[in-house]
Amino acid sequence: MIYYLFKKDIGNKQKWWAFLSARFIRIYPFYWIILSCFVPVYFLVPSFGQGWETNPLVILKSYFLLPQPHSPVLGVAWSLVHTMCFYLLFSLLLLLPPKISRIITGCWFTITTLLALHVIEIDSIVIKYLFHYTLLRFALGCFIAHLIMQYRIKFDIALVCIGMIGFPLCWINHINKTVDIHLSLGYTLCAGLIILGLSSIDLRQQIKLPRFLNYLGQASFAIFLVNQPVISVLSKLFQKIDLPRYLGFVASSLLIMTVAVAIGCIVYSWVERPLINFLKVHTAKRTSTASSQPQQFT
């Protein structure tokens with residue numbers, strides 16, 4: 001989506017800060033609120049964590065989504081660390097001339113792929129951060145966006161079906177060790193096929209999603225951030241009261257997932273959405289004020 005929206009701005013230095021600030025505003029303020037709610041929990045109930053959650057340096061790095069040897073205090077935020085890295089790297093495409101950007105992108109992709117395949121090994125947390133294999137998923141997303149923008153994709157429904165069938169096949173292969181391929185890589189390729197197919201269908205015909213599904217999409221970031229700690233707390237609570245013995249494992253799991261999604265939706269409606277709306281209005285006012293002030297020449 002980032003490539004799809006900002007491809008036209010590649011090489012435009014004036015768009016660099018606007019791009020980065022918009023990404024930071026979208027991620028950090030709400031993430032800081034959620035993280036601040038859970039940090040005290042690990043001090044009050046250390047058994048909920050792994051032991052490093054009360055370390056001041058770990059907490060500081062977690063707030064700024066900086067790389068560290070283990071997961072952040074809020075476990076699911078490990079992917080946000082790589083997301084922010086991708087935003088920083090993509091911003092270079094806006095800052096640098098396109099010819100230089102293509103060279104740097106080619107070098108980055110080569111090094112990242114070699115590291116992912118363990119052809120080369122570099123024991124550096126900074127190198128692993130800048131060339132982490134997870135970033136290849138973002139690169140795949142950019143490549144899919146480029147295909148969608150440049151070509152008319154045929155057999156889009158077939159691509160979606162192949163991708164969906166591929167998920168359980170990847171899991172079966174992971175269990176039986178039939179083909180030597182990393183489970184994460186298999187899932188990434190399957191997701192890529194689904195996104196490519198659905199994107200092509202969406203561009204080819206008007207699709208109106210039900211309001212409920214559209215709402216879940218808007219609430220996805222809140223659901224993503226709160227689901228792990230909520231599931232962890234509910235799982236411990238259910239085990240404490242021995243609820244799975246009465247409801248069964250499947251019913252208990254479905255109840256936990258339903259409650260986690262519901263709490264995520266409540267957090268979105270009561271916290272994230274008002275916060276984002278406030279920040280948009282505040283940012284727009286600052287931009288309007290700055291543009292209305294006369295420029296000073298010296």
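I'll come back to both of them.

Quick housekeeping. What you see is a predicted model, so local features need pLDDT of at least 70 and side-chain atom pairs count only at pLDDT 80 or more, while totals for chains, interfaces and linings use all residues. Residues are numbered from 1 along each chain as its sequence is written, and side-chain values use heavy atoms, with hydrogens and water left out.

Okay, the overall picture. The protein has 13 helices and zero strands, where helices (H or I, at least four residues) and strands (E, at least two) are DSSP runs, numbered from the N terminus. The C-alpha trace spans about 75 × 50 × 50 Å along its principal axes. There are 298 residues, and 33% of them count as buried. Buried here means under 20% relative accessible area, exposed means over 50%, and partly exposed is in between, using a 1.4 Å probe and protein chains only.

Now contacts, meaning heavy atoms within 4.5 Å. Take those with a separation of 6 or more: 70% of them involve residues 24 or more positions apart.

Back to the salt bridges. Arg26 pairs with Glu272, and their closest N and O atoms are 2.9 Å apart. Arg26 is in helix 2 (residues 16-44) and Glu272 is in helix 13, so this pair ties together parts that are 246 residues apart in sequence. Are the two partners buried or exposed? Arg26 is partly exposed, at 32% relative accessible area, and Glu272 is buried, at 1%.

The other bridge joins Asp123 and Lys128, with 3.6 Å between the closest N and O atoms. Here Asp123 is exposed at 77%, and Lys128 is partly exposed at 44%.

Let's stay with helix 13, which covers residues 249-292 and also holds Ala260. Ala260 is buried, with a relative accessible area of 1%. What does Ala260 touch, leaving out residues up to four places away in sequence? The answer is Val226, Asn227, Val230 and Ile231. Trp32 is 228 residues from Ala260 along the chain, and their C-alpha atoms are separated by 19 Å.

Next, a backbone detail. Most residues other than glycine have a negative phi. Leu65, though, has a positive phi, near 55°. You'll find Leu65 in the loop between helix 3 (56-63) and helix 4 (78-95), and at 1% relative accessibility Leu65 counts as buried.

Which residues make the nonpolar surface patch of about 510 Å²? They are Met1, Tyr4, Leu5, Met149 and Leu203. A patch is built from residues with over 30% relative accessible area and no salt bridge, joining like charges within 9 Å and nonpolar side chains (Val, Leu, Ile, Met, Phe, Trp, Tyr) within 5 Å. Met1 sits in the segment before helix 1 (2-6), and at 67% relative accessibility Met1 counts as exposed.

That's my tour, thanks!

Conventions
Areas by Shrake-Rupley, 256 points an atom, 1.4 Å probe, with all protein chains shown as cover. Salt bridge = Lys/Arg side-chain N within 4 Å of Asp/Glu carboxyl O.
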